[in-house]
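Please examine the sequence and the structure shown below. A briefing on selected features follows them.

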Amino acid sequence: MQGLFITIEGPEGAGKTTIIKMIEKELTKTGVDVIITREPGGIHIAEQIRQVILDPNNTSMDARTEALLYAAARRQHLVEKVIPALERGAIVICDRFLDSSLAYQGNARGLGIEEIFAVNQFAIQELMPDKTLYFDIEPEAGLKRIAVNKGREVNRLDLEKLDFHYKVREGYKKLIDQFPERIIEIDASQSIEKVYSQTKEIIAGLLALHSEKE
């Protein structure tokens, strides 16, 4: 049976990575075949592309170049890691996917959500997430979390002006309106415990529905 593809989205500092690690620990403990991965990255080639995209020294990168690099990393990640895992029936939880490109490059960079979706259709063909959890947080609050988190890498996107981050959030809100059945919004301004509890409950429900289809 085909596996389950869940993506986690959100602006900078939403706490995605922290929650994903907690979810991985919980699912592994219960014996679920789960693959935790991220974009851009997840496999060797895509991680190399990630370094180029997020390098703070690459501030001169053209917006279209950025969008194409994300799409290239996404394609390699899919064919090398995500698709094989789904074909064997695993649960794949990915930290960012297509929606990030739509929000960041499509809306915040002003390239157009439809245009970026078209570029990425070549990369993903017809593979879309079964469900997406969007962690919502005010840009100021998210960037403040990053500033006090000494263990987190500071990347090129963190250096953008506040207006850029507001446009990212605006892009995600547009996507929620466009894909209401796929995207579930979670208030990430709550405590880590509350966000984890809600995320855990949602994923448990998705796994139960998936099991019923077997």
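Predicted model: local features only at pLDDT ≥ 70, side-chain atom pairs only at ≥ 80, totals over all residues.

Residues are numbered from 1 along each chain as its sequence is written, and side-chain values use heavy atoms, with hydrogens and water left out. Helices (H or I, at least four residues) and strands (E, at least two) are DSSP runs, numbered from the N terminus. Buried means under 20% relative accessible area, exposed over 50%, and partly exposed in between (1.4 Å probe, protein chains only). Contact means heavy atoms within 4.5 Å.

**Nonpolar cores**

- In soluble globular proteins, nonpolar side chains tend to be buried together.
- A nonpolar core is a set of buried Ala, Val, Leu, Ile, Met, Phe, Trp, Tyr and Cys residues joined through side-chain atoms within 4.5 Å.
- The largest nonpolar core contains 39 residues, and Phe-5, Val-82, Val-92, Tyr-104, Val-168 and Tyr-172 have the most contacts inside it.
- At least two residues of this core come from each of helix 2 (44-54), helix 3 (63-87), strand 3 (91-95), helix 4 (98-108), helix 5 (113-124) and helix 7 (162-178).
- Helix 3 supplies the largest share of this core, nine residues.
- Val-82 touches Phe-5, His-77, Val-92 and Leu-127, leaving aside its neighbours within four places in sequence.
- A second, separate core has 21 residues, including Ile-91, Ile-93, Ile-203 and Leu-207.

**Enclosed and open spaces**

- On a 1 Å grid over the protein atoms alone, a cavity is a set of points where a 1.4 Å probe fits but cannot get out; a pocket is an open set with protein on both sides within 12 Å along at least five of seven lines; and lining residues have an atom within 4 Å of a point.
- Grid points are joined across faces, edges and corners, and a volume is the space filled by probe spheres set on the points.
- For the linings, Ala, Val, Leu, Ile, Met, Phe, Trp, Tyr, Cys and Pro count as nonpolar, Asp, Glu, Lys and Arg as charged, and the others, Gly among them, as polar.
- One cavity of 30 Å³ or more is counted, and the largest cavity has a volume of about 30 Å³.
- The largest cavity is lined by Glu-9, Asp-99, Thr-132, Tyr-134, Tyr-172, Leu-175, Ile-176 and Ile-183.
- Strand 4 (131-136) and helix 7 are the elements that give two or more residues to this lining, and helix 7 has the largest share, three residues.
- By class, the lining of the largest cavity comprises five nonpolar, one polar and two charged residues.
- The second largest pocket has a volume of about 170 Å³.
- Gly-3, Leu-4, Asp-130, Lys-131, Leu-206, Leu-209, His-210 and Lys-213 form the lining of the second largest pocket.
- Helix 8 (residues 192-212) gives the most to that lining, with three residues.
- The lining of the second largest pocket has three nonpolar, two polar and three charged residues.

**Annotated site**

- An unreviewed UniProt entry lists Gly-10, Pro-11, Glu-12, Gly-13, Ala-14, Gly-15, Lys-16 and Thr-17 under "binding site"; UniProt positions are given in the numbering used here, feature names are shortened, and annotations may be inferred rather than shown by experiment.
- Pro-11 lies in the loop between strand 1 (4-9) and helix 1 (16-29), and Pro-11 counts as buried because its relative accessibility is 6%.
- Leaving aside its neighbours within four places in sequence, Pro-11 is in contact with Arg-96, Tyr-104, Tyr-134, Phe-135, Ile-137 and Tyr-172.
- Glu-12 is in the loop between strand 1 and helix 1, and Glu-12 counts as buried at 5% relative accessibility.

**Backbone features**

- Most residues other than glycine have a negative phi, and most peptide bonds are trans.
- Glu-39 and Pro-40 are joined by a cis peptide bond, with omega about -15°; Pro-40 lies in the loop between strand 2 (34-38) and helix 2.
- Arg-96 is not a glycine, yet has a positive phi of about 80°.
- Arg-96 occurs in the loop between strand 3 and helix 4 and is buried, with a relative accessible area of 12%.
- Gln-125, also not a glycine, has a positive phi of about 55°.
- Gln-125 is found in the loop between helix 5 and strand 4 and counts as exposed at 52% relative accessibility.
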